[in-house]
Every structure is written in C-alpha cells, then in structure tokens.
Amino acid sequence: MSALADLINLDLSDSTEKIIAEYIWIGGSGLDMRSKARTLPGPVKDPSELPKWNYDGSSTGQAPGDDSEVIIYPQAIFKDPFRRGNNILVMCDAYTPAGEPIPTNKRHAAAKIFSDPAVAAEETWYGIEQEYTLLQKDIKWPVGWPVGGFPGPQGPYYCGVGADKAFGRDIVDAHYKACLYAGINVSGTNGEVMPGQWEFQVGPTVGIAAADQVWVARFILERITELAGVVLSLDPKPIPGDWNGAGAHTNYSTKSMREDGGYEVIKKAIEKLGLRHKEHIAAYGEGNERRLTGKHETADINTFLWGVANRGASIRVGRDTEKDGKGYFEDRRPASNMDPYTVTSMVAETTILWKP
C-alpha cells in the first residue's frame, strides 16, 4: 500500500507543467455532487482560462438518453488538497448545448440577483453554519452509536472532548485543514448536540462566493468520508425522536446593516422575511418539516418568530448587534441539505429587492 500512496502523492511539478483539474457539478437530485478530471497544459488562475466541458446527463438524471449532453461552465477555482501542487478543483454549473441553464442549476439565477446593482452596492456578507452527520457505512447509523442501540442522552456531546463524546474528529480536522488549503474561508468547526453530528462554518464571504465555497467544502468533506469509509448525511433529521436535527443557519448582513443605524435596517429586513416566510420555507431544504418542530432549538415551521439571543426563533439577532445598534442576523430556518445558491440569493432578493 505504501507504493500506491507514493504514486497518489506524486508531485507532478517535478516532471511536467501539466496540471489536473477536477471539474465539480451538482447532480440530478440537486444535492448529489459529481466530478471528473482532465489534464490541462499548465497552471490556471482564473475560471475564464478554463475550457467548458460536457457530461452524460442521462446518467445523472439531468437529460434524456437520446439528447444526453450537458455542458458545464467553470465558475470558481480552488486549490486541490488531494492532489496538491498546481492542481485545482473547479466548481461548475450546468447548461444545455443551447446555453440554457438546466433545472438543477440554481447558480445561474443566483448570479443574476447578486449582479443586480442594488444588491452589489450592499456588499452582502454571509456566514453559513453547515451541520452534518457521519454515518457508519454498512448500517447507516451514526458513528459512535452502538449497533442497533442508542448512546446516552444529549448534553455531553456539544463541543465535547473524549472518546465517549466526540466521534469522527479525525475526519473533521482533516476537512478543516483541507478547506483552508483549498482557499475556502472556513472560520471554524465544532461538535454538535447529537453525537456523530458536526458543524463547519464558511464566511464571512461576499455574495455568490459564499455558496460556491459551501458546495466545494461539501465536496471535500464527501471525498474525505469516502477515504475514511464513512457516509456523509445532510439529512435535516437523520434520527427521529429526542435528537437534534441538522441545519444550515445562515448569518447575513448588508453594508447598511453594518453601518451606524443598521439595527433599524435589520428590523425592516426581518419584517420582510416574515412576510415571505412560506416562500422561504419552501426553498430551504427537503424534509425540513421533520426538523422545524418548535423543539430542539427550532421554531415551528408554520410560525415566524424573531428575537434577540433566541435559538428557538426563526431569526436570531445577537446581543452584540442589539447593543451596538448595527451588525448582522441569523436565519435559523435553512435545513442542512439546502442549496446555498438558492438560500443566499433569496435572502438578498427579499431583503434588498423585494417590495411588499
């Protein structure tokens, strides 16, 4: 196996200027990630330097067999933490040969919203808290849980330390460092309330880059769990009963919110979010009704509430924001399996562009 590892870790720069680019896109479920690699003649710094590519959409549930070609457009570049050197990961979105975005391409519509002059002027910042659960490969049961049984009740696991409290830390730490290496603005990580569940945070990051980075961070995490023989779950309620679900709390601010007098802007934005609560819930992830029950640090899915330091609310405002009279707020409604392109752009659209 050491010879295999040596080959995997070969530094290509010793013998060639060629690099490997791993093209990444979103599959037919809207959540599954796909990728394939190609050789390029030399290092690349900008997506505009990269060629478009194609794939068989009939094998990903995105095109019929008699017209199966889907075209992927490179949109963002990251350093490849697996191949290293000058090799890269390339986040792409998907189009028909005629240039129309396919239905699972949520980036195209998001880019239109973020390029609107009113949105661009507000320099929207996002901090996304991606929760996830690690499952044992063959039985799809959380790591650290006894087969066919349950661990002790929640309490000691959140930010816990010790072999009986923290399960999968090697994967978490590997992912943390790999994301930083890739150029993803990961700001932290922690163990979550349910054992076997973890969280990483991306941001603050501006506009559509936040969503690009969350998707690539998910890709890197799934690659690491593949190596570790563990299954990644983004299900918002992986274990029924008295166990916390998994969300993707989305922290948000605009330039106006961060300036003096911003607290009034925040309150007006929250009011608009409340008026469009049903539309946001419909776009905030599949199966979210199993998570947003009014228990386990959530508001009921049919109720819109906001409050200062209230983790049982739909929208939470921090004590510092209230005290300073400016800052940001947290939308606690998105599920762990949400599409970050949809959520980030929808929050911007509702708070900046939408007129009640």
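Reader: How many salt bridges are counted between domain 1 and domain 2, and what makes a pair count as one?

Author: Glad you asked! In this predicted model, the count between domain 1 and domain 2 is 0 salt bridges.

Reader: What kinds of residues does domain 1 bring to the side that touches domain 2?

Author: By class, that side of domain 1 has 10 nonpolar, 3 polar and 4 charged residues. Strands E1 (19-26), E2 (33-40), E4 (69-79) and E5 (88-95) each give two or more residues to it.

Reader: How many residue pairs are in polar contact between domain 1 and domain 2?

Author: The count is 1 residue pair, with both residues at pLDDT 80 or more. To qualify, a pair of N or O atoms must lie within 3.5 Å, one able to donate a hydrogen and the other to accept it.

Reader: Where does the chain divide into these domains, and how far apart are their C-alpha centres?

Author: Domain 1 runs over 4-104 and domain 2 over 117-353. Their C-alpha centres lie 27 Å apart. The contact between them takes 17 residues from domain 1 and 19 residues from domain 2.

Reader: What is the area buried between domain 1 and domain 2, and which atoms give 78% of it?

Author: About 1,600 Å² is buried there, and carbon and sulfur atoms give 78% of that area. The size of an interface is often given in this way, as the accessible area lost when the parts come together.

Reader: Which residues does UniProt annotate as "GS beta-grasp", and which as "GS catalytic"?

Author: An unreviewed UniProt entry places "domain: GS beta-grasp" at residues 19-99. In the model, that span is 0% helix and 48% strand, with its end C-alpha atoms 28 Å apart. The record's "domain: GS catalytic", also from an unreviewed entry, covers residues 106-356. Residues 106-356 are 37% helix and 19% strand, and their end C-alpha atoms lie 24 Å apart.

Methods. Residues numbered from 1 in each chain as written. Predicted model: local features only at pLDDT ≥ 70, side-chain atom pairs only at ≥ 80, totals over all residues. Heavy atoms only, no water. Domains from an automatic or database assignment. Contact = heavy atoms within 4.5 Å. Buried area = accessible area lost by both parts, 1.4 Å probe. Salt bridge = Lys/Arg side-chain N within 4 Å of Asp/Glu carboxyl O. Polar contact = N/O pair within 3.5 Å; in protein donor to acceptor, adjacent residues only side chain to side chain. Helix = DSSP H or I, 4+ residues; strand = E, 2+ residues; numbered from the N terminus. Nonpolar A, V, L, I, M, F, W, Y, C, P; charged D, E, K, R; others polar. UniProt positions renumbered as here; feature names shortened; annotations may be inferred.
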